[in-house]
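Trainee: Could you take me through one part of this model closely, and say how each term is meant as you go?

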Amino acid sequence: MMQREQIFHYIDEHLDEHIRHVQQWVRQKSVSWDNLGMTQCAELVADSYRQLGCQEVELIQGRFYPGVWAYYDAGAALTIHNYCMYDTRTVNEKEWTHDPWGAELMPLGSYPKVLVGRGAMGAKGPYVAWLNALASIIAVEGTLPVNIMFLAEGEEILGSPTYRQFVEQYAGRLQNVKASFVPAMAQSATGTVSVGLGLKGMVVIELTASGEAWGRGPAHTIHSSLASLVSSPPFRLAKALACLVDKNGEGCAVPELKRVWKRRKRLGARERSMLAQIAERAKDKDWRDVLPLGGTKNVPYVQGGMQGLDPLINYLYGPTFNIAGLRSGFLGAGTGTIPFIIPGQATATIDIRTVIALSPEEIIDSIRRHLDKHGFSDIRIDVLAAFSHSQTPATDPGVKSVLATLDAWQVDHEVWPIQSGGGPWTAVPNAFSVPCVRAGVIGGGAGRAIDEYMVIEGDGRIAGLAESEKFMVDLLYNYAHAII
């Protein structure tokens, strides 16, 4: 039996130290899109694992930035995988009212103390809280109740292009894990904690039209006065993109995907019950105000209709084919780009999320064949992410332990059978056929674009850092006992 009260006392006595640990991570810049502080942050992650007592810590080369492998051998019967992302979103410092790298402590609204900074909630703060909880257990017990294989990356914001390779590189070790355990703060402003049992598959690709590959446009940017002589790569890309969807820019015209586009996973009674419980919480509300659509004014029309559970089912199980961004040539005032040009190339970033049997490779190959068939063999495809969907049943012992911990702490919670996102969290579960649970931890803040913050001292609804760490202690022990 763990020495619970002693561990909790240790957390209270070392809370200032734990806050400084969070501040250390937040103050270290790690913006992957801008290559800002990435190597230094990878070293910080590795150092945190060393301080925890991991017997193995290695920096590993990623496509763009280093990953970190670490292993804590507790001599336990159970070994789990733990995912970490150390990169953050970009920052426009002029928009922030506080230093995004200052990790400043201050009161905010109903919270006596929050920590403000980029990565405070997404996702450095919650992850360091997890490391703090582990360190507290070790300080009192001398070791952990489980062995942990840590595998961290600095490319999540880029689509995690290397994480599957990291998993393959350490497959000989990871094949011994019994679960992928990714605890993270997930408490809403009302105090409800969300527990996710799965994620959609996700493919992120970039389609690029270039004058050089096409043979009709400029290989390099030239002045637009020459457009009477030279064709436009951006228009070439626009034509290629148009052949992938219907005339309204909806659905998917790629034959292999079109056949499954309107299909939805057959839902069992338990899964439908979870959806019904989510819908009950949203009773008498417009789905556009419940789901993260930005409200009725932001989205006047919803594909698939608004009948009953349809919006929720389509949100969680329906496929997406989305252009996240287009870039070429002049990008507007203040961007440092030049107007009146014929760009040498144009690129579209596309993200696809699915809950279908097709693998990411099959999805990408089908798009390649479709483009070729329509005369766009010159369009280059670069792959940034390729992950299949994954779900863990609600009957899984680990899931039950998470829900039991929430009940013991008397925390309101809602269980999502699958979540609309996708990404690297499915890599280990799919590679080794093990369950995965994400989130499920008290504590929170706001992972917003400007003035992001994590709650350090709560308001009675959202827990503070100390409570979150204590919860993680209980959660880990309950999880370990359930899985063994």
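Mentor: What follows is a close look at one helix and its surroundings.

This is a predicted model, in which local features need pLDDT of at least 70 and side-chain atom pairs count only at pLDDT 80 or more, while totals for chains, interfaces and linings use all residues. Residues are numbered from 1 along each chain as its sequence is written, and side-chain values use heavy atoms, with hydrogens and water left out.

Helix α3 covers residues 38-52, where helices (H or I, at least four residues) and strands (E, at least two) are DSSP runs numbered from the N terminus. Its 15 residues reach 21 Å from the first C-alpha to the last, close to the 21 Å expected at 1.5 Å a residue, the expected span being 1.5 Å times one less than the number of residues. Just after α3, Gly-53 takes a positive phi of about 110 degrees.

The buried residues of α3 (under 20% relative accessible area, with a 1.4 Å probe and protein chains only) are Met-38, Cys-41, Ala-42, Leu-44, Val-45, Ala-46, Ser-48, Tyr-49 and Leu-52. What covers these buried residues, by contact (heavy atoms within 4.5 Å), includes the helices α2 (15-27) and α4 (124-141), together with the strands β1 (56-60), β2 (67-72), β3 (79-85) and β6 (147-153).

For context elsewhere in the model, an open sheet of four strands has the order β4-β5-β20-β19 with antiparallel pairing, two strands being paired if DSSP finds at least two bridges between them. The edge strands, each pairing on one side only, are β4 (104-108) and β19 (445-446). Two bridges join β19 to the antiparallel strand β20 (residues 453-457), and Gly-445 stands opposite Met-454 in β20.

Definitions and conventions:
Buried means under 20% relative accessible area, exposed over 50%, partly exposed in between (1.4 Å probe, protein chains only).
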